[in-house]
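This report sets out the helix packing and the charged contacts of the structure shown below.

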Amino acid sequence: MAKPDNRADNVEKLQQMKENTQHNIEAAEESMVNTDMTAEQKQQIKQKNANRQESIEAFESEIQDESQARENGYQQ
C-alpha cells in the first residue's frame, strides 16, 4: 500500500536543496579561481553553474507553490 502524500515539510526540503545548490555554485566558482584548469574545464563548470541557477529558479517557484498550498491546507 502506498504511503499517503505528506507535504508538511516540502517547503523546508526545497529550501535546503536550494541552499545546497547555491553552495555548489559558490564552491565551483572558488575552485575555478584557486585551481589550474583548462579552458574546457572552466567552460564545463560555467555550464554546470548555469544549470544549477536554473534549478534554483525552479526551486523558488516550487517553494512558492508549496507555500501557497500549505496556506490553503493542501486541498486540490
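## Helix packing

The buried residues of helix 1 pack against helix 2 (39-71). Helices here are DSSP runs of H or I with at least four residues, numbered from the N terminus. A residue is termed buried under 20% relative accessible area, exposed over 50%, and partly exposed in between, using a 1.4 Å probe and protein chains only. In helix 1, the buried positions are Asn 10, Val 11, Leu 14, Thr 21, Ile 25, Ala 28 and Met 32. An α-helix has 3.6 residues a turn, so residues three or four places apart point the same way.

The model is predicted: local features require pLDDT of at least 70 and side-chain atom pairs count only at pLDDT 80 or more, whereas totals for chains, interfaces and linings use all residues. Residues are numbered from 1 along each chain as its sequence is written, and side-chain values use heavy atoms, with hydrogens and water left out.

## Helix 1 geometry

Helix 1 covers residues 10-34, a run of 25 residues. The expected span of a helix is 1.5 Å times one less than its number of residues. For helix 1 this gives 36 Å, and the end C-alpha atoms are 36 Å apart, which agrees.

Glu 66 is found in helix 2 and counts as buried because its relative accessibility is 9%. Contact means heavy atoms within 4.5 Å. Leaving aside residues up to four places away in sequence, Glu 66 touches Arg 7, Asn 10, Val 11, Leu 14 and Tyr 74.

With one of these residues, Asn 10, the side chain of Glu 66 makes a side-chain polar contact at 3.4 Å. A polar contact is a pair of N or O atoms within 3.5 Å; within protein, one must be able to donate a hydrogen and the other to accept it, and residues adjacent in sequence count only if both atoms are side-chain atoms. Glu 66 and Gln 15 are 51 residues apart in sequence, and their C-alpha atoms are 11 Å apart in space.

## Salt bridges

A search of the whole structure finds three salt bridges, each defined as a side-chain nitrogen of Lys or Arg within 4 Å of a carboxyl oxygen of Asp or Glu. Arg 70 forms one with Glu 12, with the closest N and O atoms 2.9 Å apart. This pair links distant parts of the chain, Arg 70 being in helix 2 and Glu 12 in helix 1, 58 residues apart. Arg 70 is partly exposed at 33% relative accessibility, and Glu 12 is partly exposed at 42%.

Lys 18 forms a salt bridge with Glu 60, where the closest N and O atoms are 3.1 Å apart. Here too the pair links distant parts of the chain: Lys 18 lies in helix 1 and Glu 60 in helix 2, 42 residues apart. Lys 18 is partly exposed at 21%, as is Glu 60 at 37%. Asp 9 forms a salt bridge with Lys 13, the closest N and O atoms being 3.6 Å apart. Asp 9 is partly exposed at 31% relative accessibility, and Lys 13 is partly exposed at 49%.

Notes: Helices (H or I, at least four residues) and strands (E, at least two) are DSSP runs, numbered from the N terminus.
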